[in-house]
Amino acid sequence: MKSGSRWYRFGIQVAAVVLALVFTSIILLIAKAQPLEAYKNILVGSFSSIEAITNVIVVWIPLLLASAGALVTFTAGLWNIGIEGQITLGAISTTLVLRLLQHSDVSPAIIIFLAVLSGFIGGALWAALAGALKTYGGVNEIFGGLGLNFVATAMTIWLIFGPWKRPGIGSMSGTEPFANTLWLPTIPGLRLSWWSLLIGILALVLVYVLLSNTHFGLKLKAVGKNRKAASVFGIPTSNFMMSAFLICGGLAGLAGALQVLAVYHRLIPSISSGYGYLGLMVGMLINYQAIWAAPVAFFFAALNFGSIQLPIVMKLDSSLSGVLQGALVLFVLMMDGVRKRFEKKA
Amino acid sequence: MKVELRSIHKYFGPVHANNNISLTILPGTIQGIVGENGAGKSTLMKILSGFIQADEGEILLDDQVITIHSPSDALKRGIGMLHQDPLDFPPMKVIDNLLIGQEGGLFPNKRKVAADIKKLANQFGFSIDTEAYVEGLTVGERQQLEIIRLLWMGARILILDEPTTGISASQKEKLFETLTRLASEGMIVIFVSHKLEEIETLCHRAAVFRGGLLVGEAIQPYHTDDLVRLMFGKPMELGSRLGCHSEENVVEIHNLEIEDPRLHIRDVDLDVKAGEVIGLAGMEGSGQRLFLRALGGLLATTGRTKLLVKGHDLTHEPYSSYLKTGVAYVPADRMEEGLIPGLTLKEHFILTGDTKKLFIDQEESLHRTKVKISEFNIKGRPDSYVEELSGGNQQRALLALLNEPLSLVLLEHPSRGLDLESTIWLWEKLKERCKTGTAVIFISSDLEQILHYSDRILVFFGGKVSKPMLAAETNVDQLGQLIGGKGFVN
């Protein structure tokens, strides 16, 4: 019975994926495009060459960090929708350190290290703001996080066009790029940095271990599942919720730091690129189980990068990947609801 | 209008909430409905007012069999129910509350409605300002508004569920006056209460419920003893209690004071000896739960309260200090406060074990869980989710999760949902604790259980607390009287 129901669950998941594909295909047909051709182009765009695959990994890394962070807050029963802003603040903090030290005598390695650390702290503090609003101010973390996202975006724009503007005139293309010495080293000829990849994977592994094998993780889970009972068990629930925000924000901040140090080498207006929201979607899709975060985030990254082909080849908008990702999450959640209804009846 | 209920049955899962209830109420009657919490009073009233449907049985209105599909359906037939907590829309004006649920055109005639309501209210000496916001009204005023609304919508049968909770004495007097007048005009008033005094002063007849059954009816003049006996069952022979007689004080309570929007408990002094069992009796919401939670550190006390456990002053200490001093709290709502749905039994045992280390010792905790499962006879596996366990097994799990040693165990309704056998088993486990010097304080609505297992008993009524009574020298009748509010000084 147990294994039977596992296959049953798996079947339901497959059905959800099929439905999401069907749904997206209908959208494509309405847009007068060939669905199969579009999917093929996405695949080709993502996997046709080593270069393409490494570019998918470049997208995968921030998504991995955002997903890992989202898992921590999800476990505590929190909807940290502010990850997007936390990535942005990470990027801003990193840029700040780089700008302060770029003309100093400090060795580049140390500057980069401090910049990464600063990104972590910046994201964590921004999350702490949402966390404090939630824990001590009674502001729902969704509202708080959303509001702070807007503030973060506004702050980026202000910095780029104000204090940090390029010599002469500010531009949407961002701040003045940093010198090569302050870039995280990438694989020659490619955009991928081993350092970034290492940080991304390490973060997920740490979160996995934290959530599945430590007392901290179990207590966090208890807080998320039943805050009242958790406090009767003697768990200081506010502290745990704040810790979840700090960890999540820190990881998001790392993502922002890596975007600055390894990808754009400057602060750009849309530095968070929606990875915060995508990370939340990954979390929902994998039903908050850390072990699935890596493959699902990779799949999302492939969709994101592959769909860049669409405007070039098919004159379609690249936001199609978003349609497919959103549809996937919705159908998986819906099919889960359907399954529960059936199980209740049976 | 005459109401007749014939052989009404209602089941909630395994619970037989209404068991073959038959009751006839003639026009012009104020019918009292009395019984303990969970006796089936509210269920029957909900059936009559259309909130739920009976599984079996008939409802007759003036000798016609009718089916009531919904509350609005009931109201169309003239049956209106006034709930314990008024079902209105606080942030809206009185007039808009009245217009909600009204059938009628796109543009309601507000002026006419307001005039009608004013006229009706004047008849009963209520003053209702239709332009006031409902959230600004007192509970009593909201109640008056609701009565007027129901009358205005054509109710001829008025059901009131515990209507005197939270209203002032003068409002209560006014309410009783109104109800008496409505009855004299030929309406039926059904008055649900657990307060015997109110039933005795107001109601022409009283029907007593116990355990889903209508166990008896009484008419004016009432004999309180008879009502008590009907409500709580026949006095049982008292069994053996453990009778721990230590001289060591585990708990010392001085001038305990608790404030709550509804209740104000004050000046409670109590010493609890090692191994002593203290039972807290009273209708739900009389203050016993606040008292228990305050002792457990889950509720702040006020005033000059002083609370010592094993000599440690815990008065304004955080909950964690209570845990450290060996105070344990076992809530009644197992899935809300006691256990964590979504976590397995093993995970619960990990949480109550030593959690100082970073990593979880999976093997040790599995072993510990297995030992506890067999020791407490829990029907479940270490990886069973707690929500999959039956109520009795959840209670066993809660007990198994208590640390050792403990100074004080506080239990809310420890036997709720348990059959007799499990209850006996539970008390065996608690007695073992007592032998090692742990004091037990528990709430129960089961008077027999309180008399059976307590050394001393406190009765709560509307925030007042009786002097501790020796259980061995008390009987069900005495307790019942106190619970109904009789015999409390001041």
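The model is predicted; local features need pLDDT of at least 70, side-chain atom pairs count only at pLDDT 80 or more, and totals for chains, interfaces and linings use all residues. Residues are numbered from 1 along each chain as its sequence is written, chains are lettered from A and ligands numbered from 1 in the order in which they are written, and side-chain values use heavy atoms, with hydrogens and water left out.

Secondary structure follows DSSP runs numbered from the N terminus: helices are H or I of at least four residues, and strands are E of at least two. Two strands count as paired if DSSP finds at least two bridges between them.

One sheet of chain B is open and has six strands, in the order β6-β7-β8-β3-β9-β10. Its pairing is mixed. The edges are β6 (79–82) and β10 (213–219) of chain B, and each pairs on one side only.

B:Gln31 has B:Arg205 of β9(B) as its bridge partner. B:Val34 is partnered by B:Val208 in β9(B). The pairing of β9(B) with β10(B) is antiparallel and spans six bridges. There, B:Ala206 has B:Ala218 of β10(B) as its bridge partner. The hairpin of β9(B) and β10(B) has two residues between the strands, and B:Gly211 takes a positive phi near 55°.

Two helices lie across parts of this sheet. Helix α1 (residues 41–48) of chain B lies across β3, β6, β7 (157–161), β8 (188–193) and β9 of chain B. It runs at about 150° to β8(B). Helix α5 (residues 139–152) of chain B lies across β6 and β7 of chain B, at about 175° to β6(B).

A further open sheet of chain B has four strands, ordered β12-β11-β14-β15. Its pairing is antiparallel. Strands β12 (264–273) and β15 (312–313) of chain B stand at the edges with a single partner strand each, so one side of each is left without a neighbour in the sheet. Helix α9 (residues 288–295) of chain B packs on this sheet and touches β11, β12 and β14 of chain B (contact means heavy atoms within 4.5 Å). The direction of α9 makes about 125° with that of β11(B). Strands β11 (residues 249–259) and β14 (residues 306–309) of chain B are joined by four bridges. B:Ile253 stands opposite B:Leu307 in β14(B).

Elsewhere in chain B, β1 (residues 3–12) and β4 (residues 56–61) run antiparallel, joined by five bridges. B:Arg6 is partnered by B:Glu58 in β4(B). Strand β4(B) also pairs with β5 (residues 64–66) of chain B, in the antiparallel sense and over three bridges. B:Leu60 stands opposite B:Val65 in β5(B). These two strands, β4(B) and β5(B), form a hairpin with two residues between them. In its turn, B:Asp62 has a positive phi of about 50°.

At the interface, 26 residues of chain B are in contact with 19 residues of chain A. The area buried between the two chains is about 1,900 Å² (accessible area, 1.4 Å probe, lost by two parts on being put together, summed over both). Carbon and sulfur atoms give 66% of it. Two salt bridges are found across the interface (a side-chain nitrogen of Lys or Arg within 4 Å of a carboxyl oxygen of Asp or Glu). The side chains of B:Glu336 and A:Lys228 meet in a salt bridge, at 3.5 Å from N to O. On the side of chain B that touches chain A, the elements giving two or more residues are α10 (319–324), α11 (334–338) and α12 (345–352) of chain B. The largest share, five residues, comes from α12(B).

Two cis peptide bonds are described in chain B. The bond from B:Gln220 to B:Pro221 has omega near -10°. B:Pro221 is in the loop between β10 and α8 (224–232) of chain B. The bond joining B:Glu404 and B:Pro405 is cis, with omega about -10°. B:Pro405 lies in the loop between α14 (391–400) and β17 (408–412) of chain B.

Note on methods: Axes are lines fitted to C-alpha atoms, for helices over the stretch in contact, and angles run from 0 to 180 degrees between N-to-C directions.
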